[in-house]
Structures are given as C-alpha cells and as structure tokens.
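Morning, everyone. Please bring up the model on your screens, and we'll walk through it together.

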Amino acid sequence: MRRLAALAARPSEPFQTRRRGLRLATSTDRWIPWVLPLPALVLTALLMVFPTAFLLYMSFHDWFMEASSHPVWIGIHNYEALLRDDRFLYAFARTGYFTLLGVAVQIPFGLGIALLLHQDFPGRSIVRTLLLLPMVAAPVAMALVWVMMLDPGIGVIRYVLSSVGIPRVAWLSDPHTVLPTLVAVDSWEWIPLVALMCLAGLTALPTEPFEAALLDGTSPWQRFWHLVLPMLRPTLVIVLIFRVIDLLKVVDIIYVMTRGGPGFSSETLNVYDFLVGLFYYRVGYGSAVAVVLFAVVVGVTLLLMRARRATW
Amino acid sequence: MVEGFSRRKPLWTRRTRRFLRRGLLLITSISFLFVFLFPFLWMAAGSLKTQVQYMAYPPVWVFHPTLANYMRVLTSGDFGRYALNSTIVASLSTGISLLFGIPAAYAIARYRRTGLGLILLLARMAPLVAFLIPLFVLYVKLHLVNTYTGLVAAHILVTLPVVVWMLVGFVEGLPPDIEHAAQIDGATLVVVLWRIVVPLTAPGIAAAAILGFIFSWNNFLVSVVLSGDRTQTLPVALFNYLGYQSIEWGPLSAAASIVTLPVLVLALTVQRYIVQGLVAGGLTGY
C-alpha cells in the first residue's frame, strides 16, 4: 500500500520527455534519497557506527587504560573469561530476574490503568496529563527522592507502612529486598508509559464488536478476556518489546541509588559493564561485556518480534 | 413501546447509578494518581523544610515552610554554572540534531530506503555503555573529555534519534503535492525544504526540539562519563551531592526540585508527543 501510494505521489513520468522542468524534478528525485540523509549518516557513523565497530575490535584485546599500557590482541579470551567470571554470571542472572519482574509488574498494572482511563468520567484528561510526569522528570532527581523516601530510619515509606503494622525494612541495604525495590522504582517511572500506550491501543479499537457483545448480554470479564485482550494483542506485544529492551538496559536509577550494592546484590549487566569499563578502566573486558549485553538485547528483541507474528 | 421501556429502571435510578459509577472511577484514579505524584510532592515539601524538620520521625506533615534551602543552593557553590552547562549542552545538541535531522527525516519519510532508519533502530536497542566506552577512549586520545565540544557531540547520541523519528512522523503527515508543485515551478531542493517543509512542520519541529532538550537535560550517564569539573551538568552535580559524607537533605531536595521543574513545565507544552518520543528514542538513561 505504502509503495503504491509513493508511486502515485511521484511526478508523472509520461510528461518528462515533453517538458524540461519535469525531467529536472525527476532527476532530483533520484538523488534526494542519497544526499539528504548524508549529513545525518556521517554524524551517526561518527557517533554510533564507529564506536560500535571500535567496541567490537576492543573486545578482542586486553587493555587496562593507562598512559604506559597498550592494547594487546588476545582473540576471544575475554569472552572465555566471561564464562568463568562469577560476578558477570550473577549480573547476567540478575538482569533476567529484574527484567521479568519488571514486565510482570508493569504490563498488568499499566493495562489496568489504561482500562480505567478508557472509561468516561470527569477529569480523565487531567489524570492522563499528570501521568506523564514520572517519565519526563530527571531520573537522577527522582532516584534521590526515592532514596530519601525509602530511608529505613526517617523515610516516609517506613511511616506509612508502620501505620498498617508492617515492620521496618531496610529496602535498599538488604540484599533480598534491593532488586524488588529497584523494580518498584522503575515501575513507578514507567507504568504510566505502559498505561498511555495501552490506552492509545484501546482508543483505536473498533466499537462494533463491543456493542454486539453488550447486546448479547456478556459480562465485563468475558468482554475483557475474549474481546479486549485478543484485539489489543498487537499493542501489548509492542509495549512488551519496548519495556524488555529498556529493562534489560536500566542503569541510571540503580547506579544512583545503590551503585550495584549492597555488595554486588543489585549489580545488573549494564551496571557491571559501566563499572568495569569506565570505572576500573578495563577497556577490553568492558567492551566484551558491552558486546554481550548488546547481543542479548538484540536477540531478545528479534525473538519477541517473531513471537509477534506467531499465534498465542 | 410501553412494554419495551417498562423493563428499564426509573430515570432517577439510572442517573444515580451513572453518578455513582463516575464518582467511583474518579476516586480510584485520584488515589492511584496520588501514588504517582507523591514523590514530587515529597520532594517539594522536603525542599521547604529545615534540617531538623527533615530528620524528624514520624515525618512532619504540617510545618512552617522556609526558602532557606533554595537560597543556599542558588547562592553557594557552582549551581548556577552547572545549570548554564546543562542549558548550553542541551540547546546545542538539540540544535545540531535538528540541523542534521530535518533533511534526514524528510528523506526517510518520503523515500524509505536510506539505511539511516535501520541504524537508528539498532541505536534504540544498544546500551549507552556500548557507545560510551569507545567514545571515552577516543576522547582521552583527542583531549575531548571535559570540553563542551565533546559533551555536545555525545549528547547528540541522545537527541538525534528522538528528533529524527518525531520528524519522520510529521513529514509523513504532509501531503507531497505542495512539494511537487514547487518542484514543477523550478524550486530547488533547498528551497523546497526551507520554504515549504520547515514552515509546514514548524509545530512538529518545536515539539521535537523540546523533547530533545528534555532528553539531553535529564541525561546522566553520558555526562557523568565525559564531563569534568568545568562542564559538569545538573544531574551529575546532584549525584555528586549525594556522595558527601553527611547529606544535607533540605538543600538537596531544593536542588532536585530546581532540576525537575523546568522539565515538567516544558513537558506539559508537548504532552501530546511525549509517549511517541519516549518510544522512539529511549536512550535517555540506559
């Protein structure tokens, strides 16, 4: 369809022999696609393609970045070392846990809020607007606020929970609670995005099937399970893909709130890579970690995109 | 006819039910909205408290607000310079992204086979660290660490994808007839872009610019790696305050509020495009 529309939109070919102006226009047409994006292509090549190629190259070297040391070619040794690196393997597992938990929390809650906002009630556009705030605020500032609120001594969350009888919890300094707590903060930030994306999907659905279902006397639950969910599936899969991509890569809130601690208990792949490559200056090894992380994100995305086409 | 209506409940019951239903929906959404907005309220409240009020447990809910924290932040230290750095870096990187992005977006929207789309899609998936490690090595070699040039260039990584994807959408919404008419009249490509495409997509360009600015302003990871004492941006400054031995939460809350407020105001002006922008260019902090 799109190709047809593009063809139809072109200046018509038959005239080109008769009038010079039009021949000019069509020959311009031929080089526009190559010339216009050229500056941006050069820029992205400099800023994205070159670094990625350099990253791949560096991942086959051993290099502790210092004035006196030089990169040494060691083949795939870095990748072999990763398989024996416990800290890496735990970080790998933690990233999976963090992502699964995040998706399990964010998609149902986001869908729930979307269904709520899909109803008609006064003030719903204001609610929708205010929901944007968590995702646009600076993550560092928000991470600081959450550190204050989660303080086990004077934090307001301790106060609220103690009023319903829940004892004091060291949210960020207990290895057992730190990852779920970070997932909660990430969910606070991104559930609104899931909700608004689902809401856009709901709004785009045709109304006739719902009218028919209402006439047939179906229950709200039946309508949700047999109509809303199957019809919303394409939207849900796209939301899932984007949330998985971003959850696999979360680093700023974790780094600001815990720096991967206590111990290494909240160190995900991205945080580990950040520390290895840019804090300990082990450039070669850090590059190998980054390549693996990149490959994981691309691989999972491709899998999910394939699942998008398959049936449930 | 009377038969058909007689089964329906009296009018007042239907009205009451609808009223109750709407009231219930409103109360539910206000309560979850409260959860999502509470951190902002708590940050604002904290910025108006004295250290004593701040450290009190149970927390003080009603107190006499003080502006002392804001005075401290704004008068002492280099906060003003960090704010200026953030503004410079965000404006320049967004401006350059627009300059390169508008022609590119036009080509993608109209011709679709540029290769740039695929690169930007991969960039959307790549972790920021994958770019930052090589850039850091390069910057050390070229002495670009702690320079505005280097920082702006790296921030383009964050702003360019958002700007391009947003603009592609806007150009696609433009009927191509006008451009063809201009071409027939002998307008060159530059004229078509500058006199037709840019004015007609001006609202879209403004939205893309504001979103790019927000993304760059919020970005922590790029700046923490590539900036230094001279070029430090606001998020890095906030992070460094946190590292002090005894944290003064009042001034910190005030600083966090100052960093957050402009973004919230800007965001409300482009609220229709935020979801689209976040989906397109997720390099904000990953």
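Start with Leu24(B). Leu24(B) sits in helix α2 of chain B, residues 11-47. Helices here are DSSP runs of H or I, at least four residues long, and strands are E runs of at least two, numbered from the N terminus. Is Leu24(B) buried or exposed? Exposed, because it has 12 C-beta neighbours inside 10 Å. The cut-offs: buried is 20 or more other C-beta atoms within 10 Å, exposed is 12 or fewer, and partly exposed is in between, with C-beta atoms placed from the backbone. Now go 25 residues along the chain, from Leu24(B) to Lys49(B): their C-alpha atoms are 35 Å apart.

A word on the ground rules. This is a predicted model, where local features need pLDDT of at least 70, side-chain atom pairs count only at pLDDT 80 or more, and totals for chains, interfaces and linings use all residues. Residues are numbered from 1 along each chain as its sequence is written, while chains are lettered from A and ligands numbered from 1 in the order written.

Next, chain B as a whole. It has 15 helices and zero strands. Its C-alpha trace spans about 75 × 70 × 30 Å along the principal axes. Of its 286 residues, 47% are buried.

Now the inside. The largest nonpolar core has 164 residues. Such a core is a set of buried Ala, Val, Leu, Ile, Met, Phe, Trp, Tyr and Cys residues joined through C-beta atoms within 7 Å. Helix α8 of chain B, residues 148-172, gives the largest share, 17 residues. Which residues have the most contacts inside this core? Leu132(B) and Leu167(B). A contact means C-beta atoms, placed from the backbone, within 7 Å. Beyond four places in sequence, the contacts of Leu167(B) include Gly101(B), Ile102(B), Thr201(B) and Ala208(B).

Last, a helix pair. In chain B, α11 (residues 202-218) and α14 (residues 249-269) pack at about 155 degrees, axes 10 Å apart. That makes α11(B) roughly antiparallel to α14(B). Among the residues in this contact are Phe213(B) and Trp217(B) of α11(B), and Val263(B) and Leu266(B) of α14(B). Axes are lines fitted to C-alpha atoms, for helices over the stretch in contact, and angles run from 0 to 180 degrees between N-to-C directions. Under 35 degrees is roughly parallel, over 145 roughly antiparallel, 65 to 115 roughly perpendicular, and the rest oblique.

Terms used. Two residues are in contact if their C-beta atoms, placed from the backbone, lie within 7 Å.
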